[in-house]
Amino acid sequence: MTVADFLALVEPQSPPPAEEAIAAFEAKIGSALPQNYRQFLARCGGGRLKDALWLNENVGVEDVAGFQVSRKDVTRSLPYYFDLYKGRIPTALVPIMSDGFGNKICLGIKGGHSGKVYFWDHELEYDEDDWTDDVSASENIQLVASSFDEFVAGLREDPDAAENEKDHQ
């Protein structure tokens, strides 16, 4: 799937953000977003997918975080996710999508994680006393793609189709 194909499946909740909004978010997170994801944001205001998409039988996507103008949709915004998951998701990652079950798709924004896409499993989340800010030491985080484009290219409408394709490679 191409990024254009993916964008066609998103039911927009707001217009794409202005460059100033993206820059303000980057200032807030203390890091520049990967260029391919910045380009995606420039074309997408976020929203719900018409149908869930799957990377494999365990990793799916239903919501795409964006920059909402509507107060009703603020809970699907990148700034909201960033603040809500601070201290739960390592600071080298930003939650950018949801799977509909409380798990997040995260984008690496710092160090060796920059540009990579990860799956954060809330059911395996650490207790507050055991939490670590280290992506590599977090058992509830798994690498799913080396880049945002690779992540999107691996999405399928049928979760079994993604697994069958992986098995035949």
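User: What volume does the largest cavity have?

Analyst: About 60 Å³. The model is predicted: local features need pLDDT of at least 70, side-chain atom pairs count only at pLDDT 80 or more, and totals for chains, interfaces and linings use all residues. Residues are numbered from 1 along each chain as its sequence is written, and side-chain values use heavy atoms, with hydrogens and water left out.

User: Why is this called a cavity?

Analyst: Because on a 1 Å grid over the protein atoms alone, a 1.4 Å probe fits at its points but cannot get out. The volume is the space filled by probe spheres set on the points, which are joined across faces, edges and corners. The structure holds one cavity of 30 Å³ or more.

User: Which residues line the largest cavity?

Analyst: Lining residues have an atom within 4 Å of a point. Among them are Tyr81, Phe82, Tyr85, Lys86 and Leu93. α4 (78-84) and β4 (93-98) each supply at least two lining residues. Both names come from DSSP runs numbered from the N terminus: helices are H or I with at least four residues, strands E with at least two.

User: What makes a lining residue nonpolar, polar or charged?

Analyst: Ala, Val, Leu, Ile, Met, Phe, Trp, Tyr, Cys and Pro count as nonpolar; Asp, Glu, Lys and Arg as charged; the others, Gly among them, as polar. The lining divides into seven nonpolar, two polar and one charged.

User: How much of the chain counts as buried?

Analyst: 47% of the 169 residues. Buried means under 20% relative accessible area (1.4 Å probe, protein chains only).

Technical notes
1 Å grid on protein atoms, 1.4 Å probe; cavity = no way out; pocket = protein on both sides within 12 Å on 5 of 7 lines; lining within 4 Å. Buried < 20%, exposed > 50% of the residue type's maximum accessible area, 1.4 Å probe, protein only.
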